[in-house]
Amino acid sequence: MTARDADLVAAFQASSDACPIPEAVAIIGERWTCLIIRASLLGLCHFEEFQACLGIARNILSDRLGRLVTAGILARTPDPEDGRRVIYALTERGEALVPVFVAMRQWALDAGLGKPGQPTLADRRHRQPVEGVAIVAHDGRSLAIDDLMWLGPDGEELMTPGASRASRAVAA
């Protein structure tokens, strides 16, 4: 390992402690939790609906709904039409996950996953499919992996994501 490689590894390890991805995965990364959020994005809001549509055990569903409420992803309120029922609705924080789920769905479809006949997410006004989620620069340009770099808190370049792909291609 070169001195530069050692510096990059040290910088990466130091920045890993501040990375929010592990915390996000701890909240939304579990299978049932993702499926509950997806169901909420599709409009389900009652315990019985989640349970019937997902085929999830009641105890697991209760646990995951509680975690999502605690995390501020879902809000739990009494159903005004039936006081015995509860409505689980996405909060602003939960609605902010829409691009995450659209990107995951886009990735899965591009990878050939899923089954034919899937519903299409569309713009309500024009009833046209939404464009794919993209990484966009400050000036509006769509960016590919080769256009990206990781900067440290001091603005120093730490790593370039496309570099590992390029070095694998050269080695092959």
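Helices (H or I, at least four residues) and strands (E, at least two) are DSSP runs, numbered from the N terminus. This is a predicted model, in which local features need pLDDT of at least 70, side-chain atom pairs count only at pLDDT 80 or more, and totals for chains, interfaces and linings use all residues. Residues are numbered from 1 along each chain as its sequence is written, and side-chain values use heavy atoms, with hydrogens and water left out.

**The annotated domain**
- An unreviewed UniProt entry lists residues 19–116 as "domain: HTH hxlR-type". UniProt positions are given in the numbering used here, feature names are shortened, and annotations may be inferred rather than shown by experiment.
- Residues 19–116 are 59% helix and 15% strand. The end C-alpha atoms of this stretch lie 37 Å apart.

**Helix α7**
- Helix α7 covers residues 98–110. Its 13 residues should span 18 Å at 1.5 Å a residue, and its end C-alpha atoms are 18 Å apart, which agrees. The expected span is 1.5 Å times one less than the number of residues.
- Phe 101, Val 102 and Ala 108 are buried in α7. Buried means under 20% relative accessible area, exposed over 50%, and partly exposed in between (1.4 Å probe, protein chains only).
- The buried residues of α7 pack against α3 (31–42). Contact means heavy atoms within 4.5 Å.
- Trp 107 and Asp 110 are exposed, on the face of α7 turned away from its buried side.
- Gly 112 follows α7 and has a positive phi, near 80°.

**Salt bridges**
- The whole structure holds six salt bridges. Each one is a side-chain nitrogen of Lys or Arg within 4 Å of a carboxyl oxygen of Asp or Glu.
- Arg 85 and Glu 48 form a salt bridge, at 3.7 Å from N to O. Arg 85 lies in strand β2 (residues 82–90) and Glu 48 in helix α4 (residues 47–54), so the pair ties together parts that are 37 residues apart in sequence.
- Arg 85 is partly exposed at 28% relative accessibility. Glu 48 is also partly exposed, at 42%.
- Asp 63 pairs with Arg 64, with the closest N and O atoms 2.8 Å apart. Arg 64 is buried at 14% relative accessibility, while Asp 63 is partly exposed at 31%.
- Asp 63 also pairs with Arg 67, at 3.0 Å between the closest N and O atoms. Arg 67 and Asp 63 are four residues apart in helix α5 (residues 58–70), so about one helical turn separates them.
- A network of salt bridges links Glu 30, Asp 63, Arg 64 and Arg 67.
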